[in-house]
Amino acid sequence: MRIDPNIALVYSTDGGKIDQPKETKAIPEGDGIVRIHKDSKGRKGKGVSVIKGLGLDEKELKALAQKLKKQCGCGGTVKEFNIEIQTDNREQLKTLLEKLNYQVKLAGG
């Protein structure tokens, strides 16, 4: 095959689809204390408990959130390395996390 410097390759099936490597988000480091906040802003008055400062990666956070949701009998999600549990019962969450050897403080209203 003759290579002409004026012709550029437009399409090739040689490499297939090229996927960009996924960026891993850095885990925010805290002071070792897990804080449970009560939040109701933007939720039409419904209260949720936000758990911050766990220092776990996304897979471990999802597994812990699943465990907490089952114990509380409610829903929830993981957003930006925080766990949101749809309950106002922060005392129950505190005891569950203390059983898992976390140092827990209740923060906020």
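**R35 and its partner.** I began with R35, which counts as partly exposed at 28% relative accessibility. I kept in mind that this is a predicted model. Next I asked which residue R35 forms a salt bridge with. The partner is D31, and the closest N and O atoms lie 3.3 Å apart. That pair qualifies because the rule asks for a Lys or Arg side-chain nitrogen within 4 Å of a carboxyl oxygen of Asp or Glu. D31 itself counts as exposed, with 52% relative accessibility. I then looked up the total for the protein, and the count came to one salt bridge.

**Across from R35.** I looked up what stands opposite R35 and found K52 in β2. Strand β1 (residues 33–39) pairs with strand β2 (residues 48–52) over five bridges, in the antiparallel sense.

**The sheet.** Stepping back, I found five strands forming an open sheet with mixed pairing, in the order β3-β4-β2-β1-β5. Which strands sit at the edges? They are β3 (76–79) and β5 (103–107), each pairing on one side only. On average, neighbouring strands here are turned by 20 degrees against each other, direction ignored. Helix α1 (residues 58–72) packs on this sheet and touches β2, β3 and β4 (82–85). The direction of α1 makes about 20 degrees with that of β4.

**The whole protein.** I noted two helices and five strands, running β-β-α-β-β-α-β from the N terminus. Of the 109 residues, 25% count as buried. The protein exposes about 8,700 Å², and carbon and sulfur atoms supply 48% of that area. My last entry concerns contacts with a separation of 6 or more: residues 24 or more positions apart account for 52% of them.

Terms used:
Residues numbered from 1 in each chain as written. Predicted model: local features only at pLDDT ≥ 70, side-chain atom pairs only at ≥ 80, totals over all residues. Heavy atoms only, no water. Helix = DSSP H or I, 4+ residues; strand = E, 2+ residues; numbered from the N terminus. Buried < 20%, exposed > 50% of the residue type's maximum accessible area, 1.4 Å probe, protein only. Contact = heavy atoms within 4.5 Å. Areas by Shrake-Rupley, 256 points an atom, 1.4 Å probe, with all protein chains shown as cover. Pairing = 2+ DSSP bridges. Axes fitted to C-alpha atoms, helices over the stretch in contact; angles between N-to-C directions.
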